[in-house]
Amino acid sequence: MIMDIILCDELLQEIFHRLPPPSSSAVSLVSKRWRHLLHSSLSSLTLRLSPNHPSLPSLTSFLSLHTYLFSLSLSSSSSSSAAATTAFSDSLLISISSSCPNLTHLRLSTGPVALSPLLSLSTSCPHISSLSIILSRPLLSLHFLSSFRSLKNLTLILSGNGSPDSISEQYSSSSTELQLESLCLSGIRAGDYELSWLWNNCSYKSLSKLVFENCEGVGDNHSFASFIQRLKNLQEVELKTCRSIIALILLKLAENRCDSLSSMLIYDGGSKEGLLHFIRETNCNLQKLDLRLPLDLDDSHLFEIGTKFTQLHVLRLQSCSMVTGEGLKTLGLALSDNLEELALTNCDVIKRQNGFLVELAQNLPKIKILDLSYNHMLLDKEFASMISSFKDLRKLKLRGCNRLTNASLISLCKNCKQLESIDMVYCHGIQVEGVEFVILNSPQLRKVQVEDRKLSEIARRWMINKFIEVQP
């Protein structure tokens with residue numbers, strides 16, 4: 001084949017990089033040379049494996065073909081016993097250690113891993129900067145982390161029902177301090193005291209993001225409190241389903257007096273008093289606030305947020321059942337000068353207080369991103385009156401708003417000439433004609449999310465000509 005002869009390796013690899021994913025799979029069928037170049041040019045791989053798959057022993061050889069592999073994500077397609085998944089994960093780590101010396105990002109979601117393969121990995125892959133692994137309880141030691149000298153982003157997930165025989169009173173410090181920038185912990189229980197090794201060995205100067213998910217403990221409370229109070233550059237905090245420890249975390253964050261924190265997310269389990277205390281006492285000036293607290297957020301919190309965080313650019317409220325329209329309107333007025341993104345997802349107020357969205361919108365002229373997903377009671381009349389205030393809107397999500405009809409899209413196109421992205425999935429009242437209208441009458445549109453059956457042939461051809469991306 002002439003093309004195979006005249007194109008050099010470097011040029012072919014550059015072409016492969018620019019191919020869309022569906023086309024990449026066909027490249028390896030052209031010739032052995034193309035298949036080899038495709039493998040060697042890939043920098044990222046995501047694989048879903050089965051412990052019993054017959055090709056598993058050849059994984060080392062397969063990975064060795066990917067000379068420039070920097071990012072690898074592995075997950076399992078079957079559920080097995082803890083011992084079986086640990087053995088499987090250990091074998092994967094051994095394969096990775098022997099074939100991926102340039103690896104910088106590893107996400108291993110196949111099951112718990114043992115200490116020995118992790119130590120081997122730290123030696124064979126010295127450039128790993130991002131690591132996500134599952135460890136089995138009881139957690140005996142985290143000292144192995146000091147062997148990963150380039151580590152910046154760490155995700156630890158604890159599993160199993162084991163518990164330590166006794167509570168250790170000593171949490172020794174390593175000679176090498178972990179220079180983590182991001183730390184995510186999941187599945188921590190009250191008795192996982194070995195976790196306190198992290199609080200004694202993680203640099204409080206470098207950490208900028210801290211995440212707790214499905215956690216019931218933080219290790220030793222004293223070590224954790226001491227660490228939190230010393231943080232100087234913390235910028236993001238995420239707390240997901242951590243009801244039993246959230247009051248402690250918010251209290252210590254408030255005591256920190258650090259002004260660098262700019263983003264906070266709290267989902268599914270809060271502390272009313274703890275959140276109020278944090279808002280009133282913190283020195284930080286949040287730019288982004290994301291809350292999903294059905295029973296733990298009310299108007300008193302909204303009032304304090306509007307008083308304290310006047311520089312908010314992003315506000316996301318999901319399933320917050322205890323707030324009122326008056327509370328949201330007051331908050332909107334307080335944030336009117338800076339708020340650019342607003343999400344009111346599955347918002348009960350829309351169902352209880354018809355018309356409040358119109359007044360809210362009048363106070364928020366700078367909104368560029370709006371998410372009203374899963375508001376089943378939102379009607380065309382209120383939407384049309386509200387959308388007229390958002391002249392600079394760029395992104396709109398209406399997913400699950402099944403009472404909206406084509407009339408809403410006509411109002412949208414009339415008022416929002418800068419619209420770049422719209423999500424209309426599960427909007428059962430919107431038909432083919434409405435989707436076609438918004439595609440043909442939004443000159444800046446670049447992305448549409450809608451069911452395939454709602455795309456007319458005219459809309460499809462227009463999207464191809466205008467390079468508009470479509471997603472289901």
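A charge is said to sit over a ring if NZ of Lys or CZ of Arg is within 6 Å of the ring centre and within 35 degrees of the ring normal. The model shown here is predicted, so local features need pLDDT of at least 70 and side-chain atom pairs count only at pLDDT 80 or more, while totals for chains, interfaces and linings use all residues. Residues are numbered from 1 along each chain as its sequence is written, and side-chain values use heavy atoms, with hydrogens and water left out.

**View 1. Arg292 and Lys466 each lie over an aromatic ring.**
The charged end of Arg292 is placed over the ring of Tyr267, 4.2 Å from the ring centre. Lys466 lies over the face of Trp462, and here the distance to the ring centre is 5.2 Å.

**View 2. Trp199, Phe212, Phe224 and Phe227 form one aromatic cluster.**
Rings of Phe, Tyr and Trp (its six-membered ring) pair if their centres lie within 6.5 Å; planes under 30 degrees apart count as stacked, over 60 as edge-to-face and the rest as tilted. By this rule the count comes to four aromatic pairs. One of them joins Trp199 and Phe224, edge-to-face, with 5.1 Å from centre to centre and 65° between the planes. This pair links distant parts of the chain, 25 residues apart: Trp199 belongs to helix α8 (residues 196-201) and Phe224 to helix α9 (residues 221-230). Helices (H or I, at least four residues) and strands (E, at least two) are DSSP runs, numbered from the N terminus. Both Trp199 and Phe224 are buried, where buried means under 20% relative accessible area, exposed over 50%, and partly exposed in between (1.4 Å probe, protein chains only). The ring centres of Phe212 and Phe224 are 5.9 Å apart and their planes stand at 85°, so this pair is edge-to-face. Because Phe212 lies in strand β7 and Phe224 in helix α9, the pair ties together parts that are 12 residues apart in sequence. Phe212 has 0% relative accessibility and therefore counts as buried.

**View 3. Val211 sits in strand β7 (residues 209-213).**
Val211 has a relative accessible area of 5%, so Val211 is buried. Leaving aside residues up to four places away in sequence, Val211 touches Leu183, Cys184, Leu185 and Glu238; contact means heavy atoms within 4.5 Å. Val211 and Leu265 are 54 residues apart in sequence, and their C-alpha atoms are 9.2 Å apart in space.

**View 4. Helix α11 (residues 272-281) has buried residues.**
They are Gly274, Leu275, Leu276, Phe278 and Ile279. The elements that cover these buried residues of α11 include α10 (243-256), β9 (263-267) and α12.

**View 5. The largest cavity has a volume of about 80 Å³.**
On a 1 Å grid over the protein atoms alone, a cavity is a set of points where a 1.4 Å probe fits but cannot get out, and a pocket is an open set with protein on both sides within 12 Å along at least five of seven lines; lining residues have an atom within 4 Å of a point. Grid points are joined across faces, edges and corners, and a volume is the space filled by probe spheres set on the points. The structure holds four cavities of 30 Å³ or more. Residues lining the largest cavity include Ile228, Leu231, Leu253, Asn256, Phe278 and Cys284. Its lining has eight nonpolar, two polar and no charged residues; Ala, Val, Leu, Ile, Met, Phe, Trp, Tyr, Cys and Pro count as nonpolar, Asp, Glu, Lys and Arg as charged, and the others, Gly among them, as polar.

In α13, Gly325, Gly327, Leu328, Lys329, Leu331 and Gly332 are buried. The buried residues of α13 pack against α12 (299-308), β11 (314-318), β12, α14 (348-352) and α15 (356-362).

**View 6. The largest pocket has a volume of about 230 Å³.**
Its lining is made of 13 residues, of which Val113, Leu115, Ser136, Leu140 and Ser141 lie nearest the centre of the pocket. The elements that give two or more residues to this lining are α7 (115-124) and β4 (130-136). By class, the lining of the largest pocket has 10 nonpolar, three polar and no charged residues.
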